[in-house]
Amino acid sequence: MREQYKDGCNLSARMRLHRRFSVNKYGIFRWIFDHYSMPQSARVLEIGSGTGQLWKSNADRIPAGWRIVLADFSPGILREGLIELRGLDRRFDALAADAQSQPFADRVFDAAVANFMLYHVPDIPRALREIRRVLRPGTRLFAATMSTGNMRELDEIVRRFIPRATIGAAPARFGLDNGFELLADAFANVTLERYPDALVVTEAAPVMDYIESMSTMAGRGSAEAKLAMRQYLEGEIAARGSITISKDNGLLVATV
Ligand SMILES: C[S@@+](CC[C@H](N)C(=O)[O-])C[C@H]1O[C@@H](n2cnc3c(N)ncnc32)[C@H](O)[C@@H]1O
């Protein structure tokens, strides 16, 4: 996992596909931010902050009184995140930290964000206990994730050309299917909302970049198999004009 996120390259390849071909143009990071209920003055922790896209996408509406701490176990991706956020006229504190053992005192944050990352954490219940520990009573964790059915058509194409490969394993660990129960063990009140969206893709190259960016694809598939997959994608796009891939993402909100 550390190799996958040593910098922002893999994550950016995946975001490029979503940015270019998502049907819902509102944008998931704007939608996620719509759910934030923190007061104008608040200490906000983002765990697994990656390249900082949440804040970049909402640059026009982050309250001036929020003190934002970005924490990620990859110093490389944190650095890239801070570079991405340099254009925003505000300060972000950043530190390298593992979600499973957070270097913060008890009850110091007014909200925690953990988007598309809890499924990577080896001991998820431990990370959830840590998040609860650093949050003040009555405050919330906002955790975006996906379901096991997310992008299933693309997973089927990958499996057809590279047997035993997958691009969809992560949400089985913490996703829309089971996140509710995992959170309910550590938090008082949990809600789930889905973000309606799909990909309608008209180019094969960004799809191949997406597939190659997945840690589950490392070392899998011969050059011939990948060429055949690319030619299949190109053929489908030529014949039908596009390939539709369903998405199933959403937001879990849990109260301390
Ligand atoms: C899929 S990216 C999501 C990034 C960002 N939250 C977003 O929505 O764009 C997952 C991020 O979680 C980080 N990460 C993975 N395991 C972690 C852990 N145990 N503790 C802290 N960060 C972790 C990775 O370095 C990466 O930046």
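In this predicted model, Phe33 and Tyr36 are both buried. The two residues also form an aromatic pair of the tilted kind, with 5.2 Å centre to centre and 50° between the planes.

Phe33 has a further partner, since Phe33 and Trp55 form an aromatic pair that is edge-to-face, at 6.5 Å centre to centre and with 90° between the planes. This pair links distant parts of the chain, for Phe33 belongs to helix 2 (residues 28-34) and Trp55 to helix 3 (residues 53-57), 22 residues apart. Phe33 has a relative accessible area of 7% and therefore counts as buried, the cut-off for that class being under 20%. Trp55 is likewise classed as buried, because its relative accessibility is 0%.

How many aromatic pairs does a search of the whole structure find? The search returns 9 aromatic pairs. Ring pairs join Phe33, Tyr36, Trp55, Trp66, Phe92 and Phe142 into a cluster.

| Charged end | Ring below it | Distance from ring centre |
|---|---|---|
| Arg43 | Phe109 | 5.0 Å |
| Arg90 | Phe92 | 5.7 Å |

Note on methods. Residues are numbered from 1 along each chain as its sequence is written. This is a predicted model: local features need pLDDT of at least 70, side-chain atom pairs count only at pLDDT 80 or more; totals for chains, interfaces and linings use all residues. Side-chain values use heavy atoms; hydrogens and water are left out. Rings of Phe, Tyr and Trp (its six-membered ring) pair if their centres lie within 6.5 Å; planes under 30 degrees apart count as stacked, over 60 as edge-to-face and the rest as tilted. Buried means under 20% relative accessible area, exposed over 50%, partly exposed in between (1.4 Å probe, protein chains only). Helices (H or I, at least four residues) and strands (E, at least two) are DSSP runs, numbered from the N terminus. A charge sits over a ring if NZ of Lys or CZ of Arg is within 6 Å of the ring centre and within 35 degrees of the ring normal.
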